Amino acid sequence: MNYHVQKKFPEYSSLIRELLQRSEMFAEMCADYEEVCTWLAGRTSKEELTAEEYSVAQDLIRELEDEIAAVVEKTTK
C-alpha cells in the first residue's frame, strides 16, 4: 500500500502513514498518485502509450507530488 508514495518520500514514511489515517483528503491524494504511477509503470511498450498519454501522466504525477509535499511540509512546520 502506497508503495510509490513511500518510494518518493522515504524520509517522511512515518508522517505519511499518520497523515493517511488522519486526513481523508491526503489519503485520496496518495491513492490518486499510486493509481497514476501504477498505470504508467504498467505501460512498458510504446504501442501501449502515446506521447500525449505519457506527458499527461507525467504532469499529473508531478502535480500530485507537489501537493503531497506541500501537505508534508505544512505538517512538519
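K8 is partly exposed, at 42% relative accessibility. In this predicted model, the side chain of K8 meets that of E65 in a salt bridge, with an N to O distance of 3.9 Å. Because K8 belongs to helix α1 (residues 3-8) and E65 to helix α4, the pair ties together parts that are 57 residues apart in sequence. E65, with a relative accessible area of 16%, is buried.

The protein as a whole contains 4 helices and 0 strands, and its elements follow the order α-α-α-α from the N terminus. Along the principal axes, the C-alpha atoms fill a box of roughly 45 × 20 × 20 Å. Of the 77 residues in the protein, 31% are buried.

The count of salt bridges comes to 3. Besides the pair formed by K8 and E65, a salt bridge joins the side chains of E18 and R22, at 3.4 Å from N to O. Both of these residues lie in helix α2, where a spacing of 4 residues corresponds to about one turn of the helix. E18 is partly exposed, with a relative accessible area of 39%, whereas R22 reaches 55% relative accessibility and counts as exposed. A further salt bridge links D59 with R62, whose closest N and O atoms are 2.7 Å apart. D59 and R62 are 3 residues apart in helix α4, so about one helical turn separates them. D59 is partly exposed at 35% relative accessibility, and R62 is likewise partly exposed, at 43%.

Helix α2 (residues 13-22) has buried residues at S13, L15, I16 and L19. These residues are on the same side of α2 because they cover an arc of only 160 degrees around the axis. The other side of α2 carries the exposed residues S14, Q21 and R22.

The largest share, 4 residues, comes from α3.

Definitions and conventions:
Residues are numbered from 1 along each chain as its sequence is written. This is a predicted model: local features need pLDDT of at least 70, side-chain atom pairs count only at pLDDT 80 or more; totals for chains, interfaces and linings use all residues. Side-chain values use heavy atoms; hydrogens and water are left out. Helices (H or I, at least four residues) and strands (E, at least two) are DSSP runs, numbered from the N terminus. Buried means under 20% relative accessible area, exposed over 50%, partly exposed in between (1.4 Å probe, protein chains only). The arc is that of the directions from the helix axis to the C-beta atoms. A salt bridge is a side-chain nitrogen of Lys or Arg within 4 Å of a carboxyl oxygen of Asp or Glu.
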